[in-house]
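We will walk from strand to strand and end at a pocket.

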Amino acid sequence: TDRHCRYFHRLLSRQTLLYTEMVTAPALVQGGAVQLLRFDPSEQPLALQLGGSDPDQLAKATAMGAAAGYGEINLNVGCPSDRVQSGSFGAVLMKQPSLVAECVSAMLGAADQAEITVKCRIGVDDQVPAEVLPRFLTAVQTAGVRRVTIHARMAWLQGLSPKENRDIPPLDYDLVLAMKSAFPDMHMSINGGISTLAHAQSFLEAGLDGVMIGRAAYHNPADILQHADTDIFGGGHVAEPVDVARAMIPYVDAHVAEGGRVHSVTRHMLGLFAGKPGARGWRRHLSQEAVREGATSAVIEQALDVLHSAQARAAE
């Protein structure tokens, strides 16, 4: 979810909270990668997701994020990648709740008006989730965190790839629901394996405060985001995918004028018509043409022509 992806997603839903990719605190504080904080004001409401395990670095990165205008700054304690493990942050921090508490306390001290939140797993490796998760939540709540998102899977740091860690460990939604009962004053969202708005709504009706949807929203953005404002938030508009595609044209033009490539934007739009007639032609045209030297935003209108031709054939 880089800034191009978020701009695109915001055209489909005005009210859904969007998150950045995980940005490491060292990249901001030591590497000076301030371009990673860039966003268009239209992307709000927007949360900055940080990775790190050094309280001082995280405090400095938080101050940078708050100054950049982020309303929420989230500490990722859920990512299971090898790179994250080697840096001693991400899901491996589930083993060190006291360090996480120290980190979020430092972040809170540097946050200005931004809210500090945490995203975590239910446990890692040989931990017993029903035992470790309450201790973890108690630690971050005591440190001052009032809002958490729980990915309802263990992370197996040895033996599974990051991709496998998103699918193989079994989901335990009941444990997350139990945590909401045990921590009623915490704003608690659930994540993991949720692929429809109806499924999301069922968790809200069961008492949870929010639902985070990742891969389904990326690969099938219209299915998840197009009706989110009306079905989940109870108001707003329903954006038509064709209108959204055309609304991206001036954005692509501006990006190209800055020296960017069309593909950097359109790669996030491939799933816009997923499951609809002509979706394959739409994907193929954007994938092949947007990467060509000298490509312009015209590839979007051309891809729409391919889509409409396929739909006309399907209707015959």
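Here is a tour, stop by stop, of what to select and what you will find there.

**Before you start**

This is a predicted model, in which local features need pLDDT of at least 70 and side-chain atom pairs count only at pLDDT 80 or more, while totals for chains, interfaces and linings use all residues. Residues are numbered from 1 along each chain as its sequence is written, and side-chain values use heavy atoms, with hydrogens and water left out. Helices (H or I, at least four residues) and strands (E, at least two) are DSSP runs, numbered from the N terminus.

**Stop 1: strand S2**

Select residues 46-51, which form strand S2.

Now show the neighbours of S2; two strands pair if DSSP finds at least two bridges between them. S1 runs parallel to S2, joined by 5 bridges, and Tyr19 has Ala47 as its bridge partner. S3 is also parallel to S2, with 4 bridges, and here Gln49 stands opposite Asn74. Trace the chain from S2 through H3 to S3: this β-α-β crossover is right-handed, meaning that with the strands pointing away from the viewer, the path from the first strand over the helix to the second runs clockwise.

**Stop 2**

Thr62 counts as buried because its relative accessibility is 0%. Show its contacts (heavy atoms within 4.5 Å): leaving out residues up to four places away in sequence, Thr62 touches Leu50, Ile73, Met107, Ala110, Ala111 and Ile116.

**Stop 3: strand S4**

Next, select residues 115-124, strand S4; 9 of its 10 residues are buried, so S4 is largely enclosed by the rest of the structure. On the S3 side (residues 72-77), 6 bridges join the two strands in parallel, and Ile73 stands opposite Ile116. S4 also pairs with S5 in the parallel sense over 6 bridges; look for Lys119 opposite Thr149. Together, S4, H6 and S5 make a right-handed β-α-β unit.

**Stop 4: Val145**

Where is Val145? Find it in the loop between helix H6 (129-143) and strand S5 (147-155). With 0% relative accessibility, Val145 counts as buried. Apart from residues up to four places away in sequence, Val145 touches Val104, Leu108, Ile116, Thr117, Val118, Val140 and Met186.

**Stop 5: the second largest pocket**

Finally, select Thr1, Asp2, Arg3, Arg6, Thr20, Glu21, Met22, Val23, Gln35, Leu36 and Arg38, which line the second largest pocket. On a 1 Å grid over the protein atoms alone, a pocket is an open set of points where a 1.4 Å probe fits, with protein on both sides within 12 Å along at least five of seven lines, and lining residues have an atom within 4 Å of a point. The volume is about 160 Å³, that is, the space filled by probe spheres set on the points, which are joined across faces, edges and corners.

Which strand gives the largest share of the lining? It is S1, with 4 residues. Helix H1 (3-12) and strand S1 (18-24) each supply at least two. Coloured by type, the lining divides into 3 nonpolar, 3 polar and 5 charged residues (Ala, Val, Leu, Ile, Met, Phe, Trp, Tyr, Cys and Pro count as nonpolar, Asp, Glu, Lys and Arg as charged, and the others, Gly among them, as polar).

Notes. Buried < 20%, exposed > 50% of the residue type's maximum accessible area, 1.4 Å probe, protein only.
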